[in-house]
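Hello,

Here is the structure I promised to send over. Have a look at it first, and my notes on what turned up follow below.

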Amino acid sequence: MKKLISLLAAAMLIPALAACGGTKTANNTDATASDWAQVQDKGILTVGVTNYPPMNYLADDGSWTGFDTEFTTAVAEELGIDVEFVEISWEAKETELASRNIDCLWNGMCITPEREEAWEITTPYMYNTQAMVMKADREKDIMADVSGKSVVSEAGSTGEEKVTGVMDDANDPTVEVIAADYFANANYTGVSNMATALLEVETGVSDIAVVDSVIAEGMINGEGSELKDLVINLDNKFGDQWFGAAFRKGSDICPMVNDAIQKLIDNGKLMEIADKYGLTDSVQKALDHNAAK
């Protein structure tokens, strides 16, 4: 894995792709024709991603790598097609999918009731929660009172939706602390991606980053991390989340992907990829969650 601090810095320099135009809107994501037929015709599954280690990030040679990158590639191999990763602005994900610039979102995406209503989403494959990241030497002060503190999260992310109250946490039994209430007197700003949110805390621009626990663990506690002065705080139970990949509503690709995922579970390939990125426990939690349904 490349030097993580360099990756963080690069995240601020990579411009987010603007959502392209077309006849569809962000609110019209239905698959009006066979998505699978269109993917077969071009022979490529086009996947929307962001710079989100350890799920999807750029290697030293400029190619995409990471858990979701390898996972998606393995699924595509099961389906007999190639895969192309396209960097998007996460805030514009609905438009990118609706306009058919991409075929799916596969980028550590939290499953929510709203997203399940709007899209076809695969069975969960990884556990996640929202973490607070701050300077270790300021943790006691910050956790005592977040009033007036500067808070950042990725625009359009689950973290932002929780902090701003867009996501209704009141009916989620796994939520013990409602983030919108907790941060009511803090100063919130959305940024381009989670790597940038962490960099803002690292450089002292912001006090707190609210990000996925998966990226926090990977970038702060992962091998080769240069962010050892940051700490991950999970004291507030902001709720359980599960990662899934999203397709247009009615897409005939999603059930095929679910079948391919099951094959990768059965042959041990999924856990092999998870072990490579230190995500075995997170994947196993999702598999146990699915089995308990």
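The chain has a mean pLDDT of 89, and 89% of its residues reach 70 or more; pLDDT is the predictor's confidence in each residue, on a scale from 0 to 100. The stretch to treat with care is residues 1-28, where the pLDDT is below 50. In the model this stretch still has 59 contacts beyond near neighbours in sequence, a contact being heavy atoms within 4.5 Å. Where pLDDT is low, the predicted coordinates should not be read in detail.

Some conventions before you start. This is a predicted model, in which local features need pLDDT of at least 70 and side-chain atom pairs count only at pLDDT 80 or more, while totals for chains, interfaces and linings use all residues. Residues are numbered from 1 along each chain as its sequence is written, and side-chain values use heavy atoms, with hydrogens and water left out.

On the overall fold, the chain has 13 helices and 12 strands; these are DSSP runs numbered from the N terminus, with helices (H or I) of at least four residues and strands (E) of at least two. Of the 293 residues, 53% count as buried (buried is under 20% relative accessible area, exposed over 50%, partly exposed in between, with a 1.4 Å probe and protein chains only). Among contacts with a separation of 6 or more, 78% are between residues 24 or more positions apart.

Eight of its nine residues are buried, so E12 is largely enclosed by the rest of the structure. Its pairings, where two strands pair if DSSP finds at least two bridges between them, are these:

- E5 (residues 104-110) is antiparallel to E12 over four bridges, and Cys-104 has Phe-247 as its bridge partner there.
- E6 (residues 119-121) runs antiparallel to E12 with three bridges, and Trp-119 is partnered with Arg-248.
- E7 (residues 126-135) is joined to E12 by four bridges, again antiparallel, and Thr-129 is partnered with Asp-240.

The structure holds zero of them. Cys-104 is in no disulfide, and the nearest cysteine sulfur, in Cys-254, is 9.3 Å away. Seen from Cys-254, that distance to the sulfur of Cys-104 is too far for a bond. Cys-104 is buried at 0% relative accessibility, and Cys-254 is buried too, at 3%.

Two backbone details may matter to you when you check geometry. The peptide bond from Pro-53 to Pro-54 is cis, with omega near 5°, and Pro-54 lies in the loop between strands E1 (44-49) and E2 (57-58). Arg-100 is not a glycine, yet has a positive phi of about 65°. Arg-100 sits in the loop between helix H4 (93-98) and E5, and is partly exposed at 23% relative accessible area.

Last, the largest pocket has a volume of about 560 Å³. A pocket here is an open set of points on a 1 Å grid over the protein atoms alone, where a 1.4 Å probe fits, with protein on both sides within 12 Å along at least five of seven lines; lining residues have an atom within 4 Å of a point. Points are joined across faces, edges and corners, and the volume is the space filled by probe spheres set on them. The lining has 25 residues, with Ser-213, Val-214, Glu-217, Leu-279 and Ser-282 nearest the centre. E7, helix H10 (213-221) and helix H13 (280-292) each give two or more residues to that lining, and H10 gives the most, with four.

Best wishes

Methods:
Disulfide = S-S within 2.5 Å.
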